[in-house]
Amino acid sequence: GTWVLADRVTAFESAGETFLPIETWPQDIEACSEPRPELVARARAEHGAAIDGARGLMVATADPHADLSDASVVVVIEGATRAKLDSLTYHFQLTRMADQIQTLLRRSRHIEHLESLGRTDSLTGLPNRRALEERLDEIGGACRHPDGPASLAMIDIDNFKRYNDTHGHPAGDALLRAFASILRSGVRSNDFVARYGGEEFCLLL
């Protein structure tokens, strides 16, 4: 913004005890050096921001149930020129931006969760028909599949309606869940299992 100019800014993703750079501004320049653990700890203790000379730092977490000790994103600002701001005001502005980053992260996580629900069958936990169709679009035919030719198997449980009528819908649901578990455990990690609908399942091998 107009209240501060910086030489460069790098966003890092937390990976345990280390931080991996996600993006740097301006683009096509070397990322800021990895934030020091003590400065990250100070930012966590000081409402999401810390200042160390010409280096500012913001922390945020995408998990609404976690505190800043589980920060998932750290933003480093280097070479900030802030002639109109004292350190206290600068720190306050950084904490406000850290709050905004945290809000964006949590909204993004929520959207990802909702999208995942829209692609998952609630009964079996398998991907649903929509997810299968998206996966088929991604593959774009056997000629472009990175692992070579692909096969699609459609599987239907025989006499499922009779089973439901005889044993009841809860038993039918339990059967579908058990069958889905068997399918999932019987394929390789790069294969794809989906519930197509009703008692129909698909294997993309």
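Predicted model: local features only at pLDDT ≥ 70, side-chain atom pairs only at ≥ 80, totals over all residues.
Start with the parts list. The protein has five helices and eight strands. Follow the chain from the N terminus, and the elements come in the order β-β-α-β-β-β-α-α-β-α-α-β-β.

Now look at the whole protein. There are 205 residues, and 33% of them count as buried. The exposed surface comes to about 12,600 Å². Carbon and sulfur atoms supply 53% of that surface.

Next, zoom in on helix H5, which runs over residues 169-185. How far apart should its ends be? The helix has 17 residues, and at 1.5 Å a residue they should span 24 Å.

Which residues of H5 are buried? They are Gly172, Leu176, Ala180 and Leu183. Buried here means under 20% relative accessible area. Look down the axis of H5, and these buried residues fall within an arc of 75 degrees. They therefore line one face of the helix. The other side of H5 holds exposed residues: Pro170, Ile182 and Ser185.

What covers the buried residues of H5? The cover includes helix H4 (160-167) and strand E6 (152-156). It also includes strands E7 (192-197) and E8 (200-204). So H5 has one face lined by buried residues, and exposed residues on the other side.

Note on methods. Residues numbered from 1 in each chain as written. Heavy atoms only, no water. Helix = DSSP H or I, 4+ residues; strand = E, 2+ residues; numbered from the N terminus. Buried < 20%, exposed > 50% of the residue type's maximum accessible area, 1.4 Å probe, protein only. Areas by Shrake-Rupley, 256 points an atom, 1.4 Å probe, with all protein chains shown as cover. Expected span 1.5 Å × (residues − 1). Arc of directions from axis to C-beta. Contact = heavy atoms within 4.5 Å.
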